[in-house]
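Me: I'd like to go through this one with you, a question at a time. Ready when you are.

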Amino acid sequence: MMKNLVWIFCVGLLAMGSSVYAANYYWFGGSAGDSWGAAQNWKIPTSDPENPWSDATSAPGYMDVAYILSLDGQTTATVDQTGYEVFQLQLGVNWNPNPAKVLIQAGGELTVATTVGMGWDQGVGCELTVDGGTWNVDGQIYIGDRSATAQLDPSAAKECLLVINSGTLNADSLFLNTNNAFNGQVEMYSGNINLDTILYFDRGGTMTLYGGTVKAKQLGNVPQSLPVIPVIDFRGGTLLLEGDWMVINGNINLMDDLRDGGYFIAYGGANEVLADYNITTPGYTTVRAGAGVGYNCFNQPSADFDGDCRVTLVDFAEMASEWLKCNRVPADTCP
Ligand SMILES: [Ca+2]
């Protein structure tokens, strides 16, 4: 919807002959604390080979494409305020030894009106970290897509990494490793990823959940894809899939297939992946790791005070330590 509105607006501006037009902005960084919003951190390519870059007079705006390619002088583009919006965002470039980096820190908010390519058509290292801020993407995020370099020589593929330390990512959809094999990675420690539509895994790529919640309407191309495994390693955190993934597509064992096929693992395969529908989260299939302690506790006894899923003398001692304690207010109501 947003994309369509933007295009309608673009056409409208062209029709009016406005001086407002979309431009490609390239990150150079190094000034003003590497703030995304500082004009001096951006340059615009020219057609003059003698002077290939012109200084930007502002940060990219909502009709512009932002390229973070770590061309010269590796710095991290830092989203430190709200209100930043671009039409499209591209990270990573061929043949560069340094990964392109973006940080969305607490108090920062970046909105992308259409798509994000992390290694998309470029094929090299990049890293985007959400560290307390908010990242809104109205379209798709592609991580590790169409890597020409990796296709010719998989060992040349560099990692493209999305890290959610805390904060929120809202997007239409998230695609890992579509088209060509490439090393797309997602690491999530806390916070939220909210996907309006699909979480799509293709030829490799890994999402490791240490904490937080990933919510999606559906999974894509799993497990019909090429058998590159695993795709999600649960070490905490929760995956919420809309509806009943136990019975979707008439396959009553789909969640079992995902686990048995090795697409969903926990603690690197050391523990069980748990899934339930409409119990932990109404209307959703909740997928998470077991306790990570060699057993699972599906029904914890109410007198299990130390949480080991057994009622023992340890729990009794815990209760005994407060035997006959009375915290009533007023105190004279205690017998
Ligand atoms: Ca116990």
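Me: In which sense do E20 and E23 pair, parallel or antiparallel?
Reply: First, a caveat: this is a predicted model, where local features need pLDDT of at least 70, side-chain atom pairs count only at pLDDT 80 or more, and totals for chains, interfaces and linings use all residues. Residues are numbered from 1 along each chain as its sequence is written. Strands (E, at least two residues) and helices (H or I, at least four) are DSSP runs numbered from the N terminus, and two strands pair if DSSP finds at least two bridges between them. E20 and E23 have four bridges, and the sense is antiparallel.

Me: What is the bridge partner of leucine 241 in E23?
Reply: Leucine 241 belongs to strand E20 (residues 238–242), where Leu239 and Leu241 make up the covered face. Thr238, Leu240 and Glu242 are on the uncovered one. Across in E23, the partner of leucine 241 is threonine 285.

Me: And which residue stands opposite leucine 239 in E20?
Reply: Here we turn to strand E17 (residues 213–216), which pairs with E20 in the parallel sense over four bridges. Opposite leucine 239 stands valine 214.

Me: Which residues form the covered face of strand E9?
Reply: In a regular strand the side chains alternate between the two faces of the sheet. Strand E9 (residues 109–112) has Glu109 and Thr111 on its uncovered face. The covered face is Leu110 and Val112.

Me: Which residue in E11 is the bridge partner of valine 112?
Reply: E9 has strand E6 (residues 84–86) as a parallel neighbour through three bridges, with valine 86 opposite valine 112. E9 also pairs with strand E11 (residues 126–143), again parallel, over four bridges. In E11, the partner of valine 112 is valine 137.

Me: Why does glutamine 88 count as buried?
Reply: Glutamine 88 is in strand E7 (residues 88–91). A residue is buried if 20 or more other C-beta atoms (placed from the backbone) lie within 10 Å of its own, exposed if 12 or fewer, and partly exposed in between. Glutamine 88 counts as buried because its C-beta neighbours inside 10 Å number 21.

Me: Is aspartate 34, with its positive phi, buried or partly exposed?
Reply: Most residues other than glycine have a negative phi, and most peptide bonds are trans. Aspartate 34 has phi near 55 degrees and is found in the loop between strand E1 (24–27) and strand E2 (42–45). With 17 C-beta neighbours inside 10 Å, aspartate 34 counts as partly exposed.
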